[in-house]
Amino acid sequence: MKVKINRHASKVMKQMLANANEGEKLRVYITEHHGNHAHYDLKLDKQTEFDEVVQTDKEVEVLLDTREADFLDGVWVQYFYVPEPGFIIYNPAKEHHHH
């Protein structure tokens, strides 16, 4: 599986990892999915038997649940400072919409 992140996301994700508890990694996960698109989020979590550790294009490791590979493979994590600081996570291979 693959994960792509922008350079701002890399910086913020590395800061999150610096504050993580021992054994925790960053996990991209699905908060909900309906039809052929999903909503995603990011959190610190421990690896489980169902996870694949994926090396991003910016050398940050991310946990992905292999049971959700259809929606998680190819996910793109971006961080923007404007209009508000925050992550935007989506999979360009799937339909997506913004609320």
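R27 lies in strand 2, which covers residues 24-34. The model described here is predicted. With a relative accessible area of 7%, R27 falls under the 20% cut-off and therefore counts as buried.

Two polar contacts involve the side chain of R27. One, of 2.6 Å, is made with the side chain of D45; another, of 2.7 Å, is made with the side chain of D51. Leaving aside residues up to four places away in sequence, R27 touches D41, L42, K43, D45, K46, Q47, T48, D51, L63 and D65.

An open sheet is formed by 3 strands in the order 1-6-7, with mixed pairing. Strand 1 (3-5) and strand 7 (86-90) are the edge strands, each pairing on one side only. On average, and with direction ignored, neighbouring strands of this sheet are turned by 20° against each other.

Strand 1 and strand 6 (residues 75-80) run parallel and are joined by 3 bridges. Within this pair, V3 stands opposite V75 in strand 6. Helix 1, residues 7-18, packs on the sheet and touches strand 1, strand 6 and strand 7. The direction of helix 1 makes about 85° with that of strand 6.

## Salt bridges

Side chains of opposite charge can pair when their charged atoms come close. In the whole structure, 6 salt bridges are found.

One of them joins E61 and K25, whose closest N and O atoms are 3.2 Å apart. This pair links distant parts of the chain: E61 is in strand 5 (residues 61-65) and K25 in strand 2, 36 residues apart. E61 has a relative accessibility of 35% and counts as partly exposed. K25 is also partly exposed, with a relative accessible area of 24%.

R67 forms a salt bridge with D65, and here the closest N and O atoms are 2.7 Å apart. R67 is exposed, with a relative accessible area of 54%, whereas D65 counts as buried at 14% relative accessibility. D65 is also among the residues that R27 touches.

The side chains of D70 and K94 meet in a salt bridge of 3.2 Å, N to O. Distant parts of the chain are linked by this pair, with D70 in helix 2 (residues 69-72) and K94 in the segment after strand 7, 24 residues apart. D70 has 54% relative accessibility, over the 50% cut-off, and so counts as exposed.

Definitions and conventions: Residues numbered from 1 in each chain as written. Predicted model: local features only at pLDDT ≥ 70, side-chain atom pairs only at ≥ 80, totals over all residues. Heavy atoms only, no water. Helix = DSSP H or I, 4+ residues; strand = E, 2+ residues; numbered from the N terminus. Buried < 20%, exposed > 50% of the residue type's maximum accessible area, 1.4 Å probe, protein only. Polar contact = N/O pair within 3.5 Å; in protein donor to acceptor, adjacent residues only side chain to side chain. Contact = heavy atoms within 4.5 Å. Pairing = 2+ DSSP bridges. Axes fitted to C-alpha atoms, helices over the stretch in contact; angles between N-to-C directions. Salt bridge = Lys/Arg side-chain N within 4 Å of Asp/Glu carboxyl O.
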